[in-house]
Amino acid sequence: MEEPLDLIRLSIDERVYVKCRGDRELRGKLHAYDQHLNMILGEVEETLTTTEVDEETDEEIVKKQVRKIGMLFVRGDIIVLVSPPLRAGA
């Protein structure tokens, strides 16, 4: 590997984890990407985490919403982290 995007290139057609701004997490099969890190993901599972405060008890309530999406375009400027699949011997 010579450049950071080489790691992404090696993950084409593999399942990747993508952490986005706004407490969104995506897991899906990477079909394509570009130099701006725009991505096309397939078979996506999106997890949205929200935190609310109970007004009576002042407790934080964490809620997770999960949805399945067949195909998704992800704009690169919302991506915080991309994790490739674990490989044996790595």
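In this predicted model, the side chains of E25 and R27 come together in a salt bridge, with 3.9 Å from N to O. That pair belongs to a structure that holds seven salt bridges, and the points below set several of these beside the sheet and the surroundings of E46.

**The E25–R27 pair**
- E25 counts as buried because its relative accessibility is 17%, which lies under the 20% limit.
- R27, by contrast, has a relative accessibility of 34% and therefore counts as partly exposed.

- E45 is partly exposed at 24% relative accessibility, whereas K68 is exposed, its relative accessible area being 66%.
- A salt bridge also forms between E52 and K63, whose closest N and O atoms are 3.5 Å apart; because E52 lies in strand β3 and K63 in strand β4, the pair ties together parts that are eleven residues apart in sequence.
- E52 is partly exposed, with a relative accessible area of 39%, and K63 likewise counts as partly exposed at 39% relative accessibility.

**E46 and its surroundings**
- E46 is placed in strand β3, which covers residues 39-53, and with a relative accessibility of 8% E46 counts as buried.
- The side chain of E46 makes a polar contact of 2.6 Å with the side chain of R24 and another, of 2.4 Å, with the side chain of R67.
- When neighbours within four places in sequence are left aside, the residues in contact with E46 are R24, E25, L26, Q65, V66, R67 and I69.
- D77 stands 31 residues from E46 in sequence, and the C-alpha atoms of E46 and D77 are 17 Å apart in space.

**The sheet**
- Five strands make up an open sheet with antiparallel pairing, in the order β4-β3-β2-β1-β5.
- Strands β4 (60-74) and β5 (79-83) stand at the edges with a single partner strand each, so one side of each has no neighbour in the sheet.
- On average, neighbouring strands of this sheet are turned by 25 degrees against each other, direction ignored.
- Strand β1 (residues 15-20) and strand β2 (residues 24-33) run antiparallel and are joined by six bridges, and V16 stands opposite G28 in β2.

Technical notes. Residues numbered from 1 in each chain as written. Predicted model: local features only at pLDDT ≥ 70, side-chain atom pairs only at ≥ 80, totals over all residues. Heavy atoms only, no water. Helix = DSSP H or I, 4+ residues; strand = E, 2+ residues; numbered from the N terminus. Buried < 20%, exposed > 50% of the residue type's maximum accessible area, 1.4 Å probe, protein only. Contact = heavy atoms within 4.5 Å. Polar contact = N/O pair within 3.5 Å; in protein donor to acceptor, adjacent residues only side chain to side chain. Pairing = 2+ DSSP bridges. Axes fitted to C-alpha atoms, helices over the stretch in contact; angles between N-to-C directions. Salt bridge = Lys/Arg side-chain N within 4 Å of Asp/Glu carboxyl O.
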